[in-house]
Structure formats: structure tokens, C-alpha cells
Amino acid sequence: MSTLAPQRSQPLKYDPSVERAVESVSSRLTGDYRLTRRSVALLLLQDDPEIRELVQETEGPNFALVNDAVHTSSQGFAEPLDSVISLQRRDAVRAITESAVRHSEHSRVRFNERLSRLCTSPITGLPILALVLWFGLYQFVGIFGGGTLVGLLENDLFGGIINPWVTKVVQALLPWPWLSDLFVGEYGMWTLGVTYAIALIFPIVGTFFLAFSILEDSGYFPRLAMLIDRLFKTIGLNGKAVIPIVLGFGCDTMATIVTRILETRRERIIATFLLSLAIPCSAQIGIMVALLAGHPAAFWTWAGIMAGIFLVIGYLTSKLLPGEPARFAMELPPLRWPSLTNIAAKTYARMQWYLMEVFPLFVLASVVIWIGRLTGLFGIVIEALKPVANILGFHGPLATGMSEVFLFGFFRRDYGAAGLDKMHGEHALTGNHTLVAVVTLTIFLPCVAQFLMMKKERGMKMALAMAGFIFPFAIFVGWALNLTLTTLNIKL
Amino acid sequence: MITRCGFCAHEFTEEEAHKTCSKCAQFGGCKMVMCPRCGYEMPQTPKLIQMIRQWRLRRVEAAQ
Amino acid sequence: MPRVPFFEIVRGARRTGTDSVEALDGDPVRGRLMVVGNPNVGKSVLFSKLTGKYVVVSNYPGTTVEISRSRACFGGIPYEVIDTPGMYSLRPLSDEERVGRALLLREHADIVLHVVDAKNLERMLGFTTQLIEAGLPVILAINMMDEAEKVGLTIDSERLGRELGIPVVETVATTGLGLDRLKEILNEYAGAAAVSAA
């Protein structure tokens, strides 16, 4: 074949009855179309509105004849011609493909498929997920990242070498304690802000994003989504709102789903409650986990509580969005061994994004605290928050520390985590304490993006009202948890 | 720059993805990219990575 | 969503008589290659591999749909290469598909390169047959062959080519596999089309 045109323009032959219909229409066409008349006829018979217009335009008075042909032909068929033609085309294409395509199942393919099915079926998928959480999240991010790496950076590098030196230098340059405090004081820009950004957040979030990127590149995530969806379905719940949170699709997704359909007062109350279950986005979950390092029982309890919260979300979304069909008819990309370059690129991208946010805010926080301390405002707020800390079971010096954590947590969860880490350093926190603190911090307040979304969807008043609901709610959960632990005398 | 969605493996350019940015509270001010097919969020490819990819592409093209 | 005023567009083409073949940069182009296919088959990657870095992205008039045009040399002839919006079939379901079809109908294509996903041949060949039925000069590029191989698929492209009556090439656009063969075929047909037009 040495030229593309003219070609066989009839790769498919339809049933004689269809061919006759096509012939009767195409023979009436007199105009000049860029497509073959056969093609135009077929499209006309399939009821294509734009082609009809085109033909009407082109044929002018002749169109009536053409239209007639289309009508009479269509009547000769029991089903709409459109589907008849589509089906025949589909069958013909299938025959062609079958003659040319061969499936060979070699062992690698079968293994991949088996593994894929194991991940998505609830019975085997849950244990796999548990393993992923244990090794990927707890061991790698929590113990290695949060323990080893943070220890190295925080205690040895910053605590032992850098910070004392920086402190000396700054204090020499600025011999006024009230000023040098801004940089190297207890809440100094360097000693708290920068140190925590590099020594605490960086290793934890780094290991988290590394694990996340590995999982993402391997293709596990859509399977995890399917698993959650199936699990929720077996209990009759809707997994639609949960999955975006778990996979870090963006914190605002929940707000979008819910606020889309709110009409009645009752629904709005439910929505308020839903949104008040302020779940942190994936990276911050990583930080929470790192704080629980060393207390495996606490970790599983926390995971259990999170699961419980997800179930509540699922329950409420089921009530709020009845009859929404599952949308998991998507094609799963194949499971594959993650590639090093991809992992490196993705981890780097996420880390850069996160640290760009964290760094400036941490430094800013130090300035704000500094002003607060100079004005005495800081001390007042801490005192005011102490009773709250007491409710959660923190007394004495722990109460001061915990109040700080609340104050920091108001600002950002990861800053609150920095405060919690500070407490770890100064007092020995028991497993119970850590669990209560982390759970409270987890449900604490919406992050800025969530709050902005609430404000955008429901107005400032509503957004404030919801935030005003969340804080006591988080405290309530913390209190209930503490009560349960102490009354049942459980030591985690 | 052609990116692949981490969730549904759909390939798209980051310019296309910016069109769907009105859904988010931050109207494109954040540095995330949303997959047009499934809504999965990923950070925008950082400049360094973009440069590395272009450099590697140029090497492959020069060799052909 | 705004409807693309379909027959007005076509009417415009017939009024001017010839199609507007735009000169992008340098010699005026004397041929046009349209790259068509689903949005997820690596069509854009193939487009970028066939063309240079000079790409003009513009809206199809009256719509928000963007089209990329560039140029390349096939058979010694400067060609305009168009990356059409994603199309699943000749029956459009979205604005993008409407524009895609409008392009095929309004602008003369010397070659139509249909890019498909090797893993989903059956779903995509329907469109190929529609294009052939319409009398368009089609070349089929079966892309993402590497992924098909991973799931154990083997494709007899020669057989396929015979059944359909068009040239078929297997490619992996991201690595460049099959690109040479594709360019060979494009050169061959560009040359032949020029000869038959002369």
C-alpha cells in the first residue's frame, strides 16, 4: 500500500438490512462533505443532531428527500437504529481485536493480580493495611523518624552543638535578655521555631512523605480506597467522605461534599457536627503518630479512635446523602514496584511544599509569643487554659506544659506537636498522657484551609460557630478518654 | 509538564489542572495540583525537578 | 456549557474555499497531520515527540477548548501538526469532542494519526473504524505497549493492519520506542500524498 487515500472505506460490513438503509440514505446525498457519504449516512441514521443540521444546510431543498429516507429506514427496525449500528460495530471490532490480540498470563501478571485482590478484599486487605500502618507508619515514621532521627537532630545536633553556640553568639551581640529572647529564648525564633522546623518536623514529615510516596507509586492507594469502600458498604455506610481524608485529597473535600446539599436545619446541624470532626490531613497524621512512638498500645488505641471517627463520618454521610451510588468503577492502575526516581521526586516535591508552609509560620509564631510574653498576655492565657488541661488529667507543671500545647495547637497542629515534644523533653509523659494529648490534638480545630472553606460556604458566623463547637468537643473526647483510662486502670 | 496522578494514573498537564482550582478555598494560591479525573491532590512539580526532567529529555533527544 | 456553533463553522470553511493552512514559523506548511485519540493514551506525549518546541496553543474560536498546533517535516514537506482535544468516537459527548470533530470536518487533514492504548484496543478501535469509514487517511499508533506487555498482551499489528486496511505502528511514546518506524511511515505517506495531489 503506497498511499493512504483512496483506502478501503468499508472496514466494517453491517447486516444487509443496515447496509440497505445506509445505501438508501447515502444515495440521496448530493452535497460535498469532507467525510464519505457512507459515514454521513450512518451518522444521520444514528440521529446525530449536529450532522443533521449540517446536512440540512448542505442539501437545501433536497434535505426533505434525505430526511424521508432516514425515517423510512429507521422504521424498518424493531430497536433504535442508533443502538443497532453501535452494537454491530462493537461486535465487528471485537472480532478484529480477537484475531490480533493474545493474552498470555505469565507468572508476574498472575502474582500482581492476586496481590491486588488481596489488598482490596476485606478479609485479607485489613491485615495488609494493619501491616502497612505498623511498619510504614509506626515503625518507620514513628520510631525511626520520630525517635532516632529526631533524637539525633534535636538532642545531639541542635541541642548539643548548634544551639548552645548560637545562643552564645546572639546573647553576646544582643546583651539585653528581653531582646535576645526573641531569637534564642525558650520560645525563640531559632531555639523553638527553626530548631523544631528542622529537628522535629523535617525528619518526621520526611519519613512520612517517603513512605507515602512509596505507597503511592506502587499503586496501593486506589486499592486502599476500594477496601475502605467495601468495608463501609458491608456495614451499610458510605465511604465517600472518608476516603478523601485518608488519602490526603485535601481537607476541604469533606466540607464541599457536605455543604453542597444542605437545605433543612436538621441537615445543617448534622453538617456542623460532621465538619467538627476536624481530621488532620495526611502529613499531620504522620506527626501525631511520631508523638506516640514508644507506646505501641497507645498507637493502636489512637488508630482505633480514628477508625471510630471515620465510622461516624460514614454513618452521617450515609444519612445525608442517601442513594448516592458508589463511584468505584474506575480502572485500577497496575501494582508495580515503585521506582526510585519517582519516589525521590515525589518526596522532594511534598517536602518542599510542606516546609515552605511550616518554616515561616513557626518563625512568625515565635515573634507573636515574644510579644505576648513581653506584654504579659502569654502568661494570662496560659493560666486561663490550665483548668482545661486539668480536665484532661494534667496537673501541676504538666498543666502549664499542656496549656502551652493547646495554645500552640490553636495555631497549627504541627506547632502543637512541637509543644508536646517540648513537654516530652521536660517531663516524662506516660503513655496515657501522650494518648490523651494526641487524641485531643488530632480532633482539635480545623486547619486554616478547612476554616476558610467553612467561611466560604457558610459565612463567617457559621464558621466561627462550628469552630466554637469543635474545641469543647475535642476537650470532651479527651476527658472521656482520660476518665476511661483511669477508671479502668489501664496503663498504656 | 506532564504529570501522572498518584491515585488513578491519569496523565495530564499542570495547566489543565489549574482550571479546576475554583473548587478549593484557596483559588489556586496553594501549590497543589488536582487531577482532573479523580480530584486527587499532588504538589506542583518543583522547579528543580522540572529542570532535571527537561535536562534528561534533552540528553535523550540529542542521542537519537 | 456553551454549544459550539457547529454548522456555522463549516459554513465558514466552504465560503473561503480552501482551508486556512497557517504558517507558524518559516516556510508555509503544505500539509496537515491531525493527532486524535482518547485523552489518556499518551497522545500529547506523542505529539510533542513528533514536533519541535514551538507550539501554539489557542482556543478554538467561540469555545474555551484549547488546541495545540505545531509543525514538523515529513517527507521533506513542512506539515502543520494538530493535537486535537480528546475524542472517544465520532459522536461527541462533550464540548471538547465537538471541537475535535469540528476540526476533522473543517480542516483538511492529509494524515490522521489515531493514537490508542494497547491495553484497551477493543474499546478504541471503534473510533478507528469510524475514521476509516469516513474516508479519512488514517494511521494507527498503538501506544503504551510497555504496559500491555506487563499484563501479558501480545498484539499482531500486521494482522490488524491487514484487517483494517491501514498502516499500524506499535509505540511507547514516553521512551521513544517505535517512533522511528512511525516517522518512516509518516514520511512515506506525506511524500505519496504530495505526489498524488500534484
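User: Which residue in β5(C) does Val35(C) stand opposite?
Analyst: Val35(C) stands opposite Leu113(C). Keep in mind that this is a predicted model.

User: What makes strand β1 (residues 31-37) of chain C and β5(C) a pair?
Analyst: Pairing takes at least two bridges between the strands. β1(C) and β5(C) have five, in the parallel sense, so they count as paired.

User: How do you know that β5(C) and strand β6 (residues 138-143) of chain C pair too?
Analyst: By that cut-off of at least two bridges: β5(C) and β6(C) share six, again in the parallel sense. One of the residues involved is Leu113(C), whose bridge partner in β6(C) is Ile139(C).

User: Why is strand β5 (residues 111-117) of chain C called mostly covered?
Analyst: A residue is buried if 20 or more other C-beta atoms lie within 10 Å of its own. Seven of the seven residues in β5(C) are buried, so the strand is called mostly covered. Ile111(C), Leu113(C), Val115(C) and Asp117(C) lie on one side, with Val112(C), His114(C) and Val116(C) on the other.

User: What makes the set around Ile204(A) a nonpolar core?
Analyst: Such a core joins buried nonpolar residues through C-beta atoms within 7 Å. The largest one has 109 residues, and Ile204(A) is among those with the most contacts inside it. Helix α9 (residues 189-218) of chain A gives the largest share, 16 residues.

Note on methods: Residues are numbered from 1 along each chain as its sequence is written. Chains are lettered from A and ligands numbered from 1 in the order in which they are written. This is a predicted model: local features need pLDDT of at least 70, side-chain atom pairs count only at pLDDT 80 or more; totals for chains, interfaces and linings use all residues. A residue is buried if 20 or more other C-beta atoms lie within 10 Å of its own, exposed if 12 or fewer, and partly exposed in between; C-beta atoms are placed from the backbone. Helices (H or I, at least four residues) and strands (E, at least two) are DSSP runs, numbered from the N terminus.
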